[in-house]
Amino acid sequence: MAELKVEDIRRMTADQMDDEILKLKKERFNLRFQRATGQLENTSRMREARRDIARIKTIARQKRQADSKKA
């Protein structure tokens, strides 16, 4: 999976962001399971997934704050 770009995330709706976070959390679970069983080959993907989740959450929070200031 490729790293999510900020521009792509900003174009997402709140529901799309929530779906993407859920998908990434499931991926992280699977990666942790693979690591525990010694089957994980691409160890850097764990870090990428964690950072993608943080990136999406940050942008979602920024959008919520901007929306609340408009109201």
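Modeller: Helix α2 passes helix α3 in a left-handed crossing, that is, the near helix is turned anticlockwise from the far one by less than a right angle. This is a predicted model, in which local features need pLDDT of at least 70 and side-chain atom pairs count only at pLDDT 80 or more, while totals for chains, interfaces and linings use all residues. Residues are numbered from 1 along each chain as its sequence is written, and side-chain values use heavy atoms, with hydrogens and water left out.

The axes (lines fitted to C-alpha atoms over the stretch in contact) of α2, residues 14–37, and α3, residues 44–70, come within 9 Å and cross at roughly 160 degrees. The two helices are therefore roughly antiparallel, a term for angles over 145 degrees. Contact (heavy atoms within 4.5 Å) involves, among others, Met17, Ile21, Leu24 and Arg28 of α2 and Met46, Ala49, Ile53 and Lys63 of α3. The residues of this contact divide into ten nonpolar, no polar and eleven charged; Ala, Val, Leu, Ile, Met, Phe, Trp, Tyr, Cys and Pro count as nonpolar, Asp, Glu, Lys and Arg as charged, and the others, Gly among them, as polar.

Within α3, Arg45, Met46, Ala49, Asp52, Ile53, Ile56, Ile59 and Ala60 are buried, meaning under 20% relative accessible area with a 1.4 Å probe and protein chains only. Their cover includes α1 (6–11) and α2. The C-alpha atoms of Gln62 and Ser44, 18 residues apart along the chain, are separated by 27 Å.

Definitions and conventions
Axes fitted to C-alpha atoms, helices over the stretch in contact; angles between N-to-C directions. Helix = DSSP H or I, 4+ residues; strand = E, 2+ residues; numbered from the N terminus. Parallel < 35°, antiparallel > 145°, perpendicular 65-115°, else oblique. Buried < 20%, exposed > 50% of the residue type's maximum accessible area, 1.4 Å probe, protein only.
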